[in-house]
Amino acid sequence: MLQTNKLKQALRNGETVYGLLNSVPSPLLVEMLGYAGYDFVILDLEHVNTNPETLENMIRAAECAGLTALVRVPGMDAAVVLRALDSGAQGIVVPHVQNRAEAEAAVSASRYHPLGQRGISGGRTTGFGRLDLPSYFEQANAELLVAVMIEDRAGVENIDAIVSVPGIDLVLEGAIDLSQSYGVPGQAQHPDVQAAILTIADACRKHGVPFCAVPRLPEQKEYWLQRGVHGFLLGDDRGVAFRAFKAHLQSWKNPALP
């Protein structure tokens, strides 16, 4: 059944939150992330072939572990947004948002009348009927989080129009895709890319919309904290796991001398 969105509440209160992008479609791994202490997870449908039943079980695992589960949909497709939210996701992340109309579509697909046009269903989101529909509509409109990713030059150029859309709750940067859009593919630290990210963050601050940074260098966390940013996406679980596995193996192959 729909729960209080602890991530949305924390962002509203200015608390610092940490999340991971999930690239390994496993309920067990999602549950581990919750018990490890992360605040939120973004379950990826853009680059990962997760089937609907597994996605629902991953969301269920997040609920069990007190972890806020968002779903990154492949694009602005109202039908996909609907299925993710009906599965119990506490919000969506829409990639490659480039203009106000796309941001408005994301909000409309995620919220019920009078704030949007999301299709109506019951099921697990209402506790299979424990929560009546009018109450659920009101709570869902208040609790579900709508996030957009800015990953293209056009999105940067239209950022003020995007973040001024009522109902946009969070903005994330996509430096790798931005690097391609700015003609320097793969160079996340390129000055043009970093300037674009700062433009995004400045627009968010101006319009009172939380910005989620993706620190890729140790000093970048403090950089963003000093600018009033409190949301951090710390890479993806696949990369974290791979590095941990390599370090674990090397610790046995090449133990430190006493």
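Trainee: Is asparagine 22 buried or exposed?
Mentor: Buried in this predicted model. Its relative accessibility is 2%, and buried means under 20%, so asparagine 22 counts as buried.

Trainee: Where is asparagine 22 placed?
Mentor: In strand β1, which covers residues 17-22.

Trainee: What does the side chain of asparagine 22 reach?
Mentor: That side chain reaches the backbone oxygen of valine 24, at 3.0 Å.

Trainee: And which residues is asparagine 22 in contact with, leaving aside neighbours within four places in sequence?
Mentor: Among them are Leu29 and Val30, Val41 to Asp44 by way of Ile42 and Leu43, and also Asp237.

Trainee: Val30 is in helix α2, residues 27-36. Which residues of α2 are buried?
Mentor: Val30, Leu33 and Gly34. They lie on the same side of α2, because the arc they cover around the axis is only 100°.

Trainee: What is on the other side of α2?
Mentor: Leu28, Tyr35 and Ala36 are there, and they are exposed.

Trainee: What follows α2?
Mentor: Glycine 37, with a positive phi near 110°.

Trainee: New topic. Which residues does UniProt list for the domain?
Mentor: The unreviewed UniProt entry lists residues 26-240 as "domain: HpcH/HpaI aldolase/citrate lyase".

Trainee: How far apart are the end C-alpha atoms of residues 26-240?
Mentor: They lie 15 Å apart. The span is 46% helix and 15% strand.

Conventions:
Residues are numbered from 1 along each chain as its sequence is written. This is a predicted model: local features need pLDDT of at least 70, side-chain atom pairs count only at pLDDT 80 or more; totals for chains, interfaces and linings use all residues. Side-chain values use heavy atoms; hydrogens and water are left out. Helices (H or I, at least four residues) and strands (E, at least two) are DSSP runs, numbered from the N terminus. Buried means under 20% relative accessible area, exposed over 50%, partly exposed in between (1.4 Å probe, protein chains only). A polar contact is a pair of N or O atoms within 3.5 Å; within protein, one must be able to donate a hydrogen and the other to accept it, and residues adjacent in sequence count only if both atoms are side-chain atoms. Contact means heavy atoms within 4.5 Å. UniProt positions are given in the numbering used here, feature names are shortened, and annotations may be inferred rather than shown by experiment. The arc is that of the directions from the helix axis to the C-beta atoms.
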